[in-house]
Amino acid sequence: MRLLALGLLVAATSALAGESFFAPLNVKSLHDQELAREQKGEAPRFAVPHRESVSALHDKSWREENGELTWTHRVLAPNSVSLNFGFTKFHLPESAELTVRASDFTHVIRPFTAADNNAAGELWTPVVMSDDVTIELKIAARELAQLELELGVVGQGFRTFAQRTQKAGSCNIDVACSEGAGWEAEINSVAVISRGGSTFCTGFMVNNTAEDRTPFFMTADHCGINAGNAASLVTYWNYQRSTCRGSRDATRSQFNTGSQFLAGSRRSDFTLVRLNQAPAPEWNVTYAGWDRSDVDAAMAVAIHHPSTDEKSISFEYDPTTVTSYLQAAVPGDGTHIRVADWDKGTTEPGSSGSPLFNQDHRVIGQLHGGYASCTSRTADWYGRIHTSWEGDGRVGTRLKDHLDSQNRGAMTTDTLR
């Protein structure tokens, strides 16, 4: 053994990796809890978060070869659907590469590098579809003093992407079906999201009057993203079937991690963040246009991820109305858009935060909640862009400071491709 900088003991030969172990979850109890959360209008969970405190620098399971150090940590949670990880301290020097993979190599996340460093000093990973995951860090020994890496949260999945049983109701319409024709640009603006390694919703990239591709992203306030946890946001792009009602071949490899909270309001149930990085150009992610006018839509289209399933599209061919949340009287307090019932498709838990488009392909609101399902043709309510524009009348509660920072006064924008 020899002593390196920061007092870290590094073995000259391979050492056994450190391990974290989590007992199997009581899935029935968790599903009962989820029913209660749904009734209270809370964002659904796909995983149970466990607090951890695993510091790479204070771990002795390192090995050294030719001036390169390697640290590994294994996480086991038998019978879990997935695992995901929150590094609550994160800063990688230029030589470092962090990989997160199923221990049997069946699922590997792209390497994280210094390019993923951010102001929050955190990193939250997408899910790994395994109950046995290995975390591995490689770094030049000369840069060890610059490293910050601490595993602070492990999300133990009990439901999530790529389960092989059908989760969403059978009336949902894949965006790859013929009904999605003509809406491709808007479809590409929508993502399924996770927050804190445990809850999921839907959200969308949103255009601004400068049309400069600033990575603004919107979802619902009740999805729980705030200034304290915005770093834990993970957005999954193009999570959708390639063919109508075909095999479940949606990809999870196109993702962004981390964001900064900008604004939000419970009144119209919106949250606006700025992603740490823009989606990669090759993913063809678009920025949804919007309409903030005080005009009812002649018809409406919802694009969403029901029950964290692949992306779906729903249609309402009748005009929308303006009401209070969960009320039918017009105009009520004027904060929400009421969709009386869906003519095609529906929404479900997990669809929260998804955009509602009018006949001109512009977002007019994001899903707050309602009663719609495949077995109940009942109403849904969306927080209005019109209301969110001014929010609660102060910075940090309104859209206009960000989506029209130059005060151009535009009432609409179109989807930016």
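A: The chain holds four helices and 25 strands, where helices (H or I, at least four residues) and strands (E, at least two) are DSSP runs numbered from the N terminus. Its radius of gyration is 22 Å, close to the 22 Å that the globule rule gives for 417 residues, so the chain is as compact as a globular protein of that length; the radius is taken over C-alpha atoms, and the rule is 2.2 Å times the number of residues to the power 0.38. This is a predicted model, in which local features need pLDDT of at least 70 and side-chain atom pairs count only at pLDDT 80 or more, while totals for chains, interfaces and linings use all residues. Residues are numbered from 1 along each chain as its sequence is written, and side-chain values use heavy atoms, with hydrogens and water left out.

Along its principal axes, the C-alpha trace spans about 75 × 50 × 35 Å. Of the 417 residues, 59% count as buried, a term that means under 20% relative accessible area, with exposed over 50% and partly exposed in between (1.4 Å probe, protein chains only). Among contacts with a separation of 6 or more, 73% come from residues 24 or more positions apart; a contact means heavy atoms within 4.5 Å.

With a relative accessible area of 3%, threonine 347 is buried. Leaving aside residues up to four places away in sequence, threonine 347 touches His304, Trp342, Leu367, Ala372, Ser373, Asp380 and Tyr382. With aspartate 380 there is also a polar contact between the two side chains, at 2.5 Å. Such a contact is a pair of N or O atoms within 3.5 Å; within protein, one must be able to donate a hydrogen and the other to accept it, and residues adjacent in sequence count only if both atoms are side-chain atoms.

One of the residues touched by threonine 347 is His304, and strand E19 covers residues 300–304. The loop between strand E19 and strand E20 (312–316) contains aspartate 309. Aspartate 309 counts as buried, at 3% relative accessibility.
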